[in-house]
Amino acid sequence: MDIKNLLEKEIINKSYYDVNEQNLDPILIAQEKKDEYISLVCALFAYGNVKAIIKFLRSIDFDILDESENEINKYFSNHYYRFQSIEDVKQFFITLKRLKEYSLEEIFLHGYQKENFVIDGIDEILKIINEINSYTSKGYRFLIGNRYKGKTKGSSPYKRWNMYLRWMVRDKGIDFGLWKGVKKSDLIIPLDTHTFNVSHKLGLLTRKTYDLESAIQLTNKLKEFDENDPVKYDFAIYRLGQNENL
């Protein structure tokens, strides 16, 4: 089986153009808004049942981010999602409100440009998030993630953050590329357990541990197919995994 041709065929035929009301994905909301902060909300809440994700995201009037923290407190009196309590959601939006004094892209670039390593950019955003709001809880920490500790083995693959970066950096297919200072070649595949398992079946991944090291290993393998844009195969791998004959 020629894996590269299989993936390329999947991209050309459907995999980057079939996200719609019948085939839901959180990027639908991000595409509508095309805002780096709203897109971050869409990415970080993108876990669990996709219908529930979309329902939650559509329940939010994102104009609330332009209001005061007091108004945010009042607005989020009944919003919760899976592991995030009402207070977790409220505090997350307060954090975003404070973040809006900055540019997310500029914060990211400050970390990323040290060694062109996107995880350093993510870590820089998480550093600022922790500085501007000391609130923490299990649900809140699950939502935003923990800071990078310098080791890829055993570390979180930062799936939702890497998906966010795919949206922000790539400007082809369904991705809308709001950020211009990051190379597509430096992106890391948004590795979830589904992509992890499918990649093993396809022979793209040999590492048995679901972690950041595996995400990097898979990305490096995909660079053999396209060194400039390895993450373009993300959706193709996902769609192939839905084929029961794989």
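1. Lysine 74 and glutamate 71 sit 3 residues apart in helix α5, so about one helical turn separates them. Helices here are DSSP runs (H or I, at least four residues), numbered from the N terminus. An α-helix has 3.6 residues a turn, so residues three or four places apart point the same way. The two side chains form a salt bridge, with the closest N and O atoms 3.0 Å apart. A salt bridge here is a side-chain nitrogen of Lys or Arg within 4 Å of a carboxyl oxygen of Asp or Glu. Glutamate 71 is partly exposed, at 32% relative accessible area. On this scale buried is under 20%, exposed is over 50%, and partly exposed lies in between (1.4 Å probe, protein chains only).

2. A note on the model. It is predicted: local features need pLDDT of at least 70, side-chain atom pairs count only at pLDDT 80 or more, and totals for chains, interfaces and linings use all residues. Residues are numbered from 1 along each chain as its sequence is written, and side-chain values use heavy atoms, with hydrogens and water left out.

3. How many salt bridges does a search of the whole structure find? The search finds 14. One of them joins lysine 100 to aspartate 66, with the closest N and O atoms 3.2 Å apart. Lysine 100 lies in the loop between α6 and α7 (104-112), and aspartate 66 in the loop between α4 (50-58) and α5 (69-75), so the pair ties together parts 34 residues apart in sequence. Lysine 100 is partly exposed at 31%. Aspartate 66 counts as exposed at 52%.

4. Arginine 207 and aspartate 211 also meet in a salt bridge (2.7 Å, N to O). Aspartate 211 is buried, at 0% relative accessibility. Separately, salt bridges link Arg166, Arg170, Asp175, Asp229 and Asp234 in a network.

5. Helix α10 (residues 159-169) is mostly covered: 10 of its 11 residues are buried. Among them are Arg160, Trp161, Asn162 and Arg166. What do the buried residues of α10 pack against? They pack against α2 (27-33), α3 (36-44), α7, α8, α9 (138-144) and α13 (234-240). Contact means heavy atoms within 4.5 Å.

6. The axes of α6 (residues 86-99) and α8 (residues 118-132) come within 10 Å and cross at roughly 105°. Axes are lines fitted to C-alpha atoms, for helices over the stretch in contact, with angles from 0 to 180 degrees between N-to-C directions. The two helices are therefore roughly perpendicular to each other, a label covering 65 to 115 degrees. Thr95, Arg98 and Leu99 in α6 meet Ile128, Ile129 and Ile132 in α8.

7. The largest nonpolar core holds 84 residues, and Leu7, Phe92, Phe93, Phe108 and Trp161 touch the most other members. Helix α8 gives the largest share of this core, 8 residues. A nonpolar core is a set of buried Ala, Val, Leu, Ile, Met, Phe, Trp, Tyr and Cys residues joined through side-chain atoms within 4.5 Å. Setting aside neighbours within four places in sequence, leucine 7 contacts Leu204, Leu222, Phe225, Tyr233, Ala236, Ile237 and Leu240.

8. Asparagine 220 is in helix α12 (residues 212-223). Asparagine 220 is partly exposed, at 42%. Its C-alpha atom is separated by 28 Å from that of valine 41, 179 residues apart along the chain.

Definitions and conventions
Angles under 35 degrees count as roughly parallel, over 145 as roughly antiparallel, 65 to 115 as roughly perpendicular and the rest as oblique.
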